[in-house]
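Please keep the structure open as you go.

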Amino acid sequence: MLKLFKLLGNKKLFILLVGLILFIALMGYTLTNRGSISWPEKFTRDTVGFVQGVFYKPASYIAGFFEDISDLNGVYEENQQLKLTAAQYMMQQANYNRLVKDNERYKEQLKFTQNQLAQNKFDLHIANVTSVDNDEDTGTIVIDLGSKDGVRKDMPVISLQGMVGIVSQTSNYHATVKLLTTLDPLDPNSKAIAATAVGKENESFGMVESYDKATGMLTMTQIKENDPLAVGDTIVSSGSGGLFPRGMIIGKVVSRQVGDFGLTNTATIDPSADFKDWKEVFVVYTKEAQE
Amino acid sequence: MARRIVLLLLLFFVFIWEGTIVPWLIPDAMHGRLIPHLTYILILFVSIYYHRHTALVLGLIFGLLHDVVFYGDMIGAYAFAMGLSAYVLGLLFQSTKAPYPLMMTVVLIGSLLLDHLLYGIYLVFGLTREPYAWALGHYMFPNLLLHFVFALIICVPVRRQLEEVAKLRRRAAEEE
């Protein structure tokens, strides 16, 4: 016991211990769901974010230039493909417009409330990535849209390929996006995404809730046994959780197996977004939450 | 004095480049396996060739900066890990006459120490569930290599600058 006191008498060790406790308290506090961040944090994030933006864009242009050169061979084929897709899109557009009109009319007849009508409305805002943190466990990217532009916490963020993450913190002119690669059911801040399969929206349901870093695959759980979900289906958000709007592409089903307890199935999903070489992303502005 | 400010600015810009330019230089195959902490390596040089207390403060400041700018889960993990490991390594190895092989060893130990501290913190707070052996092979060793190469490139000029600053400080102390 005396020895222990002597050891504690060492000033450096004492400071270290106090520091350790302070840091654990700080980490514990910031890990909980904080409403908004304090002004020194906002100020630091905006100034640093501004400087980062100055460097990130030229770097992405230069890297993109070399990428374009190496892609030159495939351009002709890609162009053909795109023309085909565009033609199909034009045809579907007409059909889609008619369906939307029909749908609106039905909703009116069924007397939907304003809230229900607005539920799945969203618009996309383009944002430039200003910097990237590759950390394996807490990977984030910083984008140049902030609370002054209307970005709020928990808004989903998508790229051209599919969903990439969720806004975790905002400052006035920048926001941090927590990537889907950090999805983890044990993490208190991580939010599972209610999902369904394209074309089977009414029959299929599951929760995309974890990402396996070793294989690079997402896991969808709580799929019912009689669910028609099959390998190769495209998984999109279902909108039933309320947090994420309907129809954001998450990935493709690679395999389906019986879950941990045998009652439900789980599916392995290959994410559509590739989580690297960030250029532009789109923030999905959802309906203002009722408070 | 001016030299010190320039060095501090350099540190800041290395921090900026770490998040903006370096991700573009990492080959696609190694994506997610190379997590550059270049600022930290520079701070290790400060710790050995200048003073461990300066390194502690720099580690805390730049770690906190990293935490705040890339705030995904929590604040404090990087500040704690960078400050502590820079200080401890300074405590063990600080010497203005440290030969380059010793410095390189410090970089190797430091790189591993930082990754282990971060892994430990994430494990305690439940942010990672990857087995230790996987983390070791997947990103800690590639990181080690990256940091070693970076340290090899910068070691000569950085050491010279830090020695100049240390000399100025000694002269100022003598004059008082």
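1. A:Asp233 has a relative accessible area of 13%, so A:Asp233 counts as buried (buried means under 20% relative accessible area, exposed over 50%, partly exposed in between, with a 1.4 Å probe and protein chains only). Helices (H or I, at least four residues) and strands (E, at least two) are DSSP runs, numbered from the N terminus.

2. A word on the basis of these notes: this is a predicted model, in which local features need pLDDT of at least 70 and side-chain atom pairs count only at pLDDT 80 or more, while totals for chains, interfaces and linings use all residues. Residues are numbered from 1 along each chain as its sequence is written, chains are lettered from A and ligands numbered from 1 in the order in which they are written, and side-chain values use heavy atoms, with hydrogens and water left out.

3. Over all chains, the structure holds nine salt bridges. One of them joins B:Glu163 to B:Arg159, with 3.1 Å between the closest N and O atoms. These residues are four apart in helix α7 of chain B, so about one helical turn separates them. B:Glu163 is partly exposed at 28% relative accessibility, whereas B:Arg159 is buried at 14%. Elsewhere, A:Arg98, A:Asp102 and A:Arg105 form one network through salt bridges that share partners.

4. How many salt bridges are there between chain A and chain B? The count is three. Among them is A:Lys213 with B:Glu130, whose closest N and O atoms are 3.6 Å apart; both A:Lys213 and B:Glu130 are buried.

5. The contact between the chains (heavy atoms within 4.5 Å) takes 52 residues from chain A and 47 residues from chain B. Together the chains bury about 4,400 Å², 64% of it on carbon and sulfur atoms; buried area is the accessible area (1.4 Å probe) that two parts lose on being put together, summed over both.

6. Now for the nonpolar cores (sets of buried Ala, Val, Leu, Ile, Met, Phe, Trp, Tyr and Cys residues joined through side-chain atoms within 4.5 Å). The largest has 57 residues, and those with the most contacts inside it are B:Ile41, B:Ile43, B:Phe45, B:Phe62, B:Met74 and B:Met103. Two or more residues come from each of α2 of chain A and α1 (2-20), α3 (38-49), α4 (52-69), α5 (77-93), α6 (100-124) and α7 (132-175) of chain B. The most, 10 residues, are given by α3(B).

7. Which residues touch B:Phe62, leaving aside its neighbours within four places in sequence? They are B:Leu8, B:Leu11, B:Phe12, B:Phe15, B:Thr39, B:Ile43 and B:Met82. Apart from this core lies another, of 47 residues, including A:Ile158, A:Ile166, A:Trp278 and A:Val283.

Notes: A salt bridge is a side-chain nitrogen of Lys or Arg within 4 Å of a carboxyl oxygen of Asp or Glu.
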